[in-house]
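Hi,

Here is the structure I promised to pass on. Have a look, and my notes follow below.

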Amino acid sequence: MPELKRLQAGHAPAVLAFELANRAYFAASITDRGDAYFEHFTERYDALLAEQEAGICAFHVLVAEDGSVLGRFNLVDIEDHSAELGYRVAQHVAGRGVATATVLELCRLAADRHGLRTLRAATAHRNVASQKVLTKAGFVPVGPADPAHIGGEPGTWYRRHLVPEDRHPWSGGRMPG
């Protein structure tokens with residue numbers, strides 16, 4: 001059974017294999033990473049691990065029983081109990097609920113392990129599969145995304161509250177803070 005794991009140095013070969021094997025598939029729905037990404041993979045990977053160690057981001061891989069990477073699920077720009085969600089899954093598991101199930105698992109981890117209250121994610125209008133994953137995982141559209149943020153394409157921001165909104169004291173709830 002696949003397992004969501006925090007990104008570690010030892011995952012590098014499997015992550016690179018995942019990115020290379022799925023490059024054309026990903027480029028059909030999101031901007032291609034470009035040749036420089038692969039040429040400088042080790043340096044970029046080490047930089048990600050440093051960001052994770054600094055608490056700026058939390059990177060995860062969905063690992064199959066054979067050690068191969070089935071997907072990447074990331075929390076970036078962690079600040080003020082909020083983060084941006086990014087994810088991608090291998091073509092051979094796409095459309096089987098893997099992304100939705102893992103995004104839901106990451107939402108639980110984001111709240112429990114990282115103390116996050118809100119996640120946001122942007123997707124291009126043409127990336128219908130990602131829109132479906134976000135909607136099934138409880139995200140709601142909240143407005144247009146800057147095309148510069150999603151590869152120069154028009155898109156939408158989605159948001160999900162990970163913990164219930166504090167209720168007003170007159171309704172039996174508690175005050176924030």
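Which residues gather in a patch of negative charge on the surface? They are Glu-51, Asp-77, Glu-79 and Asp-80. A patch here takes residues with over 30% relative accessible area and no salt bridge, with like charges joined within 9 Å. A salt bridge would be a side-chain nitrogen of Lys or Arg within 4 Å of a carboxyl oxygen of Asp or Glu.

Before you read on: this is a predicted model, where local features need pLDDT of at least 70 and side-chain atom pairs count only at pLDDT 80 or more, while totals for chains, interfaces and linings use all residues. Residues are numbered from 1 along each chain as its sequence is written, and side-chain values use heavy atoms, leaving out hydrogens and water.

Glu-51 sits in helix α4 (residues 41–53) and is partly exposed at 31% relative accessible area (buried is under 20%, exposed over 50%, partly exposed in between, with a 1.4 Å probe and protein chains only). Asp-77 belongs to strand β3 (residues 69–79) and is also partly exposed, at 44%. Asp-80 lies in the loop between β3 and β4 and is exposed, at 68%.

Most residues other than glycine have a negative phi. Asp-77, though not a glycine, has a positive phi of about 55°, and Asp-80 has one of about 50°.

Then there is strand β5 (residues 118–124): 5 of its 7 residues are buried, so the strand is largely enclosed by the rest of the structure. Strand β4 (residues 82–89) runs parallel to β5, joined by 3 bridges (pairing takes at least two DSSP bridges). Ala-83 stands opposite Leu-119 in β5.

Cheers

Notes:
Patches are made of residues with over 30% relative accessible area and no salt bridge: like charges are joined within 9 Å, nonpolar side chains (Val, Leu, Ile, Met, Phe, Trp, Tyr) within 5 Å. Accessible areas come from the Shrake-Rupley method with a 1.4 Å probe; for residues, only the protein chains shown count as cover. Lys and Arg count as positive and Asp and Glu as negative; His and the chain ends are not counted. The place of a charge is taken as NZ of Lys, CZ of Arg, CG of Asp or CD of Glu. Helices (H or I, at least four residues) and strands (E, at least two) are DSSP runs, numbered from the N terminus.
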